[in-house]
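Morning, everyone. Let me put the model on the screen, and then I'll walk through it.

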Amino acid sequence: MADEKANFAEARYAWSCFYLRHSRFLLRVCMSDHKYVLGVDGVEDVVQHAFFKAFDGAKTFHHAEDCEACVQERKARGWLVQIAENLVRDRFRNQPEECLLDDNQIEQLPATAGGDSENNPLPESERLKLLKSAFARLSDVEQTVLRATMFWWQADHQHQRMPHTALFELSKQIGKSPDNIRQIRARAVTKLEKYVNDNLYDEKAD
C-alpha cells in the first residue's frame, strides 16, 4: 500500500487484503461507538472512507518497523480507528455545540476518590478492570449514552460539550430528550465513580 508509485497494481492488491483483514473489526468498533450519532449508513460510510484514507496515507504508517505480527496488527487497527475518529469529528466540525452538564450538575457530581496515584496502591490495570465491571452493570441506555457522549470528552475542559446535531441524532435514536440524556449521563457517571471507589477501598483493605 505504501509503495503505490512503484507498483500501483500491487499496492491496490495489498489494500484489498488489508481491507478484508480489518474491515469487520473497524465496522464493529464504529457501530459500537458512533451508530447512535451517525446511523448505520453513516457508520458504513465512515468505515469505507477510512480505508480510502488509509490507502492514500499508507506511507505515513510505520509499516517497516520490526515487530511481531500481533503487535503490527494492533498498530494497524489503532491507526484505522484514529482515522475513523478523525472522520467522525470532521462531520461535526464547526457546528454549534451543546453543554452536556449544567453548572448545578457539575457541582453535584462526586469527586473521584483515590485519584492520587501516590496514595493508591492499585495498578492502573486493576482500576481499569473495576471500571469495565462498573460499565457492564449499567443499563443499555446508560451504556449507549456514555459511549456516544464520551467520544467528545476533553480532559482539560470543565464544561463538556458535543455538537448539537450529534446530540439531536442521539436523542432521536434512543427516544430520549437532550435534557434526559444529560440526566442519564450524570447518573451513569455517578454510578461508575461509586462502584470504582467502593471497590478500590475493598481492594486496599485486602
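**Fold, cores and one proline**

Reading along the sequence, we get the pattern α-α-β-α-α-α-β-α-α. That comes to seven helices and two strands. Keep in mind that this is a predicted model.

Some totals. The chain has 206 residues, and 36% of them count as buried. Its accessible surface is about 12,800 Å². Carbon and sulfur atoms account for 50% of that surface.

Now contacts. Take pairs at least 6 apart in sequence: 74% of those contacts join residues at least 24 apart.

On to the core. How many residues are in the largest nonpolar core? There are 40. Within it, F18 and L26 touch the most other members. Which elements give two or more residues to this core? Helix 1 (8–56), helix 2 (69–92), helix 5 (140–150), helix 6 (164–174) and helix 7 (178–205). Helix 1 gives the most, with 16 residues.

Look at L26 up close. Set aside its neighbours within four places in sequence. L26 then contacts V47, A50 and F51, and also L80, V81 and A84. There is a second core too, separate, of nine residues. L130, L138, V189 and L192 are among them.

Next, helix 6. Which of its residues are buried? A166, L167, E169, L170, S171 and I174. A reminder on helix geometry: an α-helix has 3.6 residues a turn, so residues three or four places apart point the same way. After helix 6 comes G175, and its phi is positive, near 70 degrees.

Then the proline. P178 sits in helix 7. Leaving out residues up to four places away in sequence, P178 touches L167 and S171. Both of those are on the buried list for helix 6. P178 and F168 are 10 residues apart in sequence, and their C-alpha atoms are 7.0 Å apart in space.

Last item, cysteines. C17 is partly exposed, because its relative accessibility is 31%. C70 is partly exposed as well, because its value is 40%.

That's my tour. Over to you.

Methods. Residues are numbered from 1 along each chain as its sequence is written. This is a predicted model: local features need pLDDT of at least 70, side-chain atom pairs count only at pLDDT 80 or more; totals for chains, interfaces and linings use all residues. Side-chain values use heavy atoms; hydrogens and water are left out. Buried means under 20% relative accessible area, exposed over 50%, partly exposed in between (1.4 Å probe, protein chains only). A nonpolar core is a set of buried Ala, Val, Leu, Ile, Met, Phe, Trp, Tyr and Cys residues joined through side-chain atoms within 4.5 Å. Helices (H or I, at least four residues) and strands (E, at least two) are DSSP runs, numbered from the N terminus. Contact means heavy atoms within 4.5 Å. Accessible areas come from the Shrake-Rupley method with a 1.4 Å probe; for residues, only the protein chains shown count as cover.
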